[in-house]
Amino acid sequence: MPAEAPPAEPKSLRDPNALAARKALLDSPRIAPIRALAQKIAAANGAEVPDPDPLDGGVEARLLLLLETPGPSIRGTGLVSRDNPTGTAANLFRFLAEAGIARRDTLIWNTIPWVIHAPGALNRAPRRLEVRQALPCLAPLLACLPRLRVIVLSGRVAGLAREELAALRPDLPVIAVPHPSPTYVCTAHSVAERIRAGLTQAQTCIAGGHRASLAGNCRPMPLNAGDGPWSGTSSG
């Protein structure tokens, strides 16, 4: 498989060779500004911040998909990626593909971009204080994304960023969907359907840009209290 070819199946980064090939692409110009921001955030917080996936859109992204926080398993790849070897990432891989969202149109990131778990610790829910500490990281992230057309908030923790995002970019539609954690997706058929509906709506925003928003085809979905547990998980 060529180094730049996107994988056809989820969990491809469990292959050490695939992971090495992906990391060799991290010097891509469209990824560099976001990697630099990740490094600044890591230094400021004394914690690890995984890199964006270099097969995704980087600064060219038209869709920003915010998850919650990197899970402990992110240390295995060091990437925020739909290709990570986790159930959450596999679900995200499939949902994005079903919605017809081009990979180069996306940037997957976390509301709390740094790892909140101590090495060897079990997964835990992020604290509200950690969310508040992370919100100032959104402004420099949005400044890296001049082509952005829509923001998708995945899960309750990401939903807490809605007011901040609306203040920073009132021109952008913000769509809330449930978290793609396998545990939560399996609780009811409606969870997967809500994720599909939200991502389909996001694709409409990408395809039509601001015209779709003005035409009423890209209305923000209301945040539902059942958007998933405070799981502390992401695509990691």
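The side chain of Asp-27 meets that of Arg-35 in a salt bridge, at 3.8 Å from N to O. A salt bridge is counted when a side-chain nitrogen of Lys or Arg lies within 4 Å of a carboxyl oxygen of Asp or Glu.

Before going on, please note that this is a predicted model, in which local features need pLDDT of at least 70 and side-chain atom pairs count only at pLDDT 80 or more, while totals for chains, interfaces and linings use all residues. Residues are numbered from 1 along each chain as its sequence is written, and side-chain values use heavy atoms, with hydrogens and water left out.

The structure holds 16 salt bridges in total. Side chains of opposite charge can pair when their charged atoms come close. In one of these bridges, Arg-104 and Glu-60 meet at 3.1 Å, N to O. Arg-104 sits in the loop between helix H3 (87-98) and strand E4 (106-110), and Glu-60 in the loop between strand E1 (51-52) and strand E2 (63-67), so this pair ties together parts that are 44 residues apart in sequence. Helices (H or I, at least four residues) and strands (E, at least two) are DSSP runs, numbered from the N terminus. Both partners are partly exposed: Arg-104 has a relative accessible area of 40%, and Glu-60 has 28%.

Arg-169 and Asp-171 form another salt bridge, with 2.6 Å from N to O. Asp-171 is partly exposed, at 35% relative accessible area. Salt bridges with shared partners also join Arg-22, Asp-53, Asp-56, Arg-82, Asp-83 and Arg-103 into one network.

Where does Arg-22 lie? Its place is in helix H1, which covers residues 16-23. At 4% relative accessibility, Arg-22 counts as buried. Leaving aside residues up to four places away in sequence, Arg-22 touches a set of residues including Pro-7, Leu-13, Leu-55, Leu-79, Asp-53, Asp-83 and Arg-103. Contact here means heavy atoms within 4.5 Å.

## The parallel sheet

Four strands make up an open sheet, in the order E4-E2-E5-E6, with parallel pairing. Two strands pair if DSSP finds at least two bridges between them. E4 and strand E6 (174-177) are at the edges with a single partner strand each, so one side of each has no neighbour in the sheet. On average, neighbouring strands of this sheet are turned by 20° against each other, direction ignored; the axes are lines fitted to C-alpha atoms, for helices over the stretch in contact, and angles run from 0 to 180 degrees between N-to-C directions.

Strand E5 (residues 150-154) pairs with E6 in the parallel sense over four bridges. Val-152 has Ile-175 in E6 as its bridge partner, and Leu-153 has Ala-176. Which way do the side chains of E6 point? Val-174 and Ala-176 point one way, Ile-175 and Val-177 the other, and all are buried. In a regular strand the side chains alternate between the two faces of the sheet.

Notes. Buried means under 20% relative accessible area, exposed over 50%, partly exposed in between (1.4 Å probe, protein chains only).
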